[in-house]
Amino acid sequence: MSMYGRDPWGGPLEICHPDSATDDDRSRNLDIDRGALSRTLDETQQSWLLAGPGDQGRKKKKYVDIGCLVVSRKLFVWTLGVLLAAAVFAGVVAGIAKAIPRRHRPPPPPDDYTVALHKALRFFNAQRSGKLPKHNNIPWRGNSCMKDGLSDPAVRRSQVGGYYDAGDAVKFNFPAAFSMTLLSWSVIEYSAKYDAVGELGHVRDIIKWGSDYFLKTFNSTADSIDRVIAQVGSAATSPGSTQPNDHYCWMRPEDIDYPRPVVECHACSDLAAEMAAALAAASIVFKDNKAYSQKLVHGATTLFQFARERRGRYSAGGSDAAKFYNSTSYWDEFVWGSSWMYLATGNSSYLTLATHPKLAKHAGAFWGGPDYGVFSWDNKLTGAQVLLSRLRLFLSPGYPYEEMLRTFHNQTSIIMCSYLPIFKSFNRTRGGLIQLNHGKPQPLQYVVNAAFLASVFSDYLEAADTPGWYCGPHFYSIEVLRSFARTQIEYILGKNPLKMSYVVGFGNHYPKHVHHRGASIPKNGVHYGCKGGWKWRDTKKPNPNIIVGAMVAGPDRHDGFKDVRKNFNYTEATLAGNAGLVAALVALSGEGHGVDKNAMFSAVPPMFPSPPPPPAPWKP
């Protein structure tokens with residue numbers, strides 16, 4: 001019996017009984033097998049050959065080669081199936097979770113500083129003069145004084161626009177320029193904070209409104225000028241005089257029909273240098289608008305040159321300005337203005353001037369005095385010292401500026417020490433309000449400026465990785481400085497013995513009889529003449545219009561306050577006061593601290609020469 005099949009090694013497969021084949025057959029088969037065995041075997045054939053008895057009957061395992069690993073096909077299929085199932089399951093769960101409505105945690109309510117900031121900025125909308133924009137959002141205000149400048153035969157050019165200074169309709173350019181400079185400073189440092197609370201566009205509009213008006217007050221296209229406008233409107237009140245003007249009359253600005261004179265000055269270094277500072281600072285705010293920024297820089301350059309060439313105080317000679325905003329010196333404006341001019345242009349000649357020892361000496365940097373460290377519309381030295389300390393901390397320009405910059409930095413540290421209660425440089429009321437003006441009326445405008453300087457200086461130190469500063473042998477952390485600023489602003493917002501908020505519209509208890517013509521006279525279609533509005537001035541009823549955000553003059557040195565409309569020492573609000581309030585509020589607002597270190601130096605060239613270019617590649 002025999003079976004024939006295919007020999008997997010190349011020859012016929014023959015299974016025979018041992019005795020059934022002849023010798024010739026065996027010999028022939030042997031010859032064939034030698035030929036077959038000489039061929040190369042693949043892996044499968046080798047496995048059959050090496051298999052033990054009974055292995056040929058088992059089922060062959062299948063494998064999958066996935067490159068770096070050979071795995072069982074069964075295991076591979078199971079693993080792949082589990083992964084696909086897990087992916088499908090995860091997708092289903094994610095879809096269900098997405099479809100289920102979720103309760104989003106509401107954002108935390110804004111802090112008191114942010115709430116007050118929104119309101120304080122609205123005050124500037126209420127003070128606008130001229131043709132108002134559609135988005136002014138003060139329903140009881142309208143277009144006013146549309147003939148300013150044009151009706152004065154000595155001027156005959158438009159002075160429409162700008163801001164009314166306080167509760168009257170006079171436009172004093174000296175404190176108004178300081179207000180715009182201060183607002184611009186706060187925007188340069190804290191633009192991210194303004195943006196986070198939705199007020200960046202608003203505050204930029206406020207600054208632009210003021211800057212556009214300043215460009216009208218002199219020939220801003222010229223390279224040199226011989227005059228600048230200092231004031232529009234009259235506040236002169238002599239005993240027995242019945243001449244209609246902005247103080248004698250009590251009228252809504254929209255109803256003014258009496259003449260409004262324009263005051264020019266031909267030697268007013270303080271005014272021109274402050275206006276130059278305002279335009280220079282604004283040019284940094286608007287650096288994203290190249291054409292407008294350059295226009296502001298050109299105007300600032302012209303004004304500062306005029307200030308240096310035609311020396312004099314704008315308030316000399318017994319003018320209105322001498323009674324309400326008397327300037328005691330112009331040397332501090334030279335330091336302040338040249339500092340801003342350097343930051344706006346990068347021209348080192350301005351820095352050389354700002355750090356000149358003689359200029360600093362004339363400005364009172366070395367002799368102290370009772371008002372040393374008090375930053376205001378009159379005295380800019382303290383602000384200039386803080387600004388130049390910033391330059392030293394962040395850029396460190398070195399020789400030849402380092403000696404005076406170090407002096408200014410040290411003096412700034414001393415001023416910050418004077419704000420602390422432990423040093424008793426200034427008295428405080430029992431309620432804790434610092435008396436920077438030594439107990440005289442209208443204290444709050446000085447307090448908010450100090451709070452801003454303390455806040456911004458502490459942020460400078462933090463940005464420079466400096467945990468504090470020395471007052472003599474004692475070291476104080478920056479948190480001590482911030483605590484001073486917070487306690488002063490919180491006093492103003494209502495943490496005082498009277499529980500009175502001195503910012504109108506903030507809280508439930510605030511002044512209702514603000515010394516302000518537009519707020520005290522109803523907008524009812526009736527034209528109240530010069531004397532016709534006196535009944536609204538004299539009434540004991542609350543103002544019909546709430547001038548939201550106005551910071552009034554403040555309490556007396558005993559924490560007392562009289563909410564009386566005719567007493568402006570308590571109830572009048574001013575541009576300069578509110579500018580300081582806005583600056584302090586934005587510095588303290590939000591959860592974090594920190595200034596924009598680089599925005600201020602956008603026009604400043606590198607302090608050191610750039611390295612030389614690399615050598616040309618070697619050529620054989």
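**Exercise 1. Determine how strands β6 and β7 pair, and over how many bridges.**

Solution. In this predicted model, β6 and strand β7 (residues 262-265) are joined in the antiparallel sense, with 4 bridges between them.

**Exercise 2. Identify the sense in which strand β5 pairs with β6, and find the bridge partner of K171 in β6.**

Solution. Strand β5 comprises residues 171-172. Its pairing with β6 is antiparallel and runs over 2 bridges. For K171, the bridge partner in β6 is V232.

**Exercise 3. Decide whether the residues of strand β6 are buried or exposed, and state what follows for the strand.**

Solution. Strand β6 spans residues 228-232. A residue counts as buried when its relative accessible area is under 20%. By that criterion 5 of the 5 residues of β6 are buried, so the strand is largely enclosed by the rest of the structure.

**Exercise 4. State how many cavities of 30 Å³ or more are counted, and describe the largest cavity.**

Solution. The count is 5 cavities of 30 Å³ or more. The largest cavity holds about 60 Å³ of space. Its lining includes Q442, M551, E572 and G577. By class, the lining residues of this largest cavity are 5 nonpolar, 4 polar and 1 charged.

**Exercise 5. Give the volume of the second largest cavity and the classes of its lining residues.**

Solution. The second largest cavity has a volume of about 50 Å³. Among the residues lining this cavity are R141, Y164, D168, P253 and H516. The lining of the second largest cavity divides into 5 nonpolar, 4 polar and 3 charged residues.

Methods:
Residues numbered from 1 in each chain as written. Predicted model: local features only at pLDDT ≥ 70, side-chain atom pairs only at ≥ 80, totals over all residues. Heavy atoms only, no water. Buried < 20%, exposed > 50% of the residue type's maximum accessible area, 1.4 Å probe, protein only. Pairing = 2+ DSSP bridges. 1 Å grid on protein atoms, 1.4 Å probe; cavity = no way out; pocket = protein on both sides within 12 Å on 5 of 7 lines; lining within 4 Å. Points joined across faces, edges and corners; volume = space filled by probe spheres on them. Nonpolar A, V, L, I, M, F, W, Y, C, P; charged D, E, K, R; others polar.
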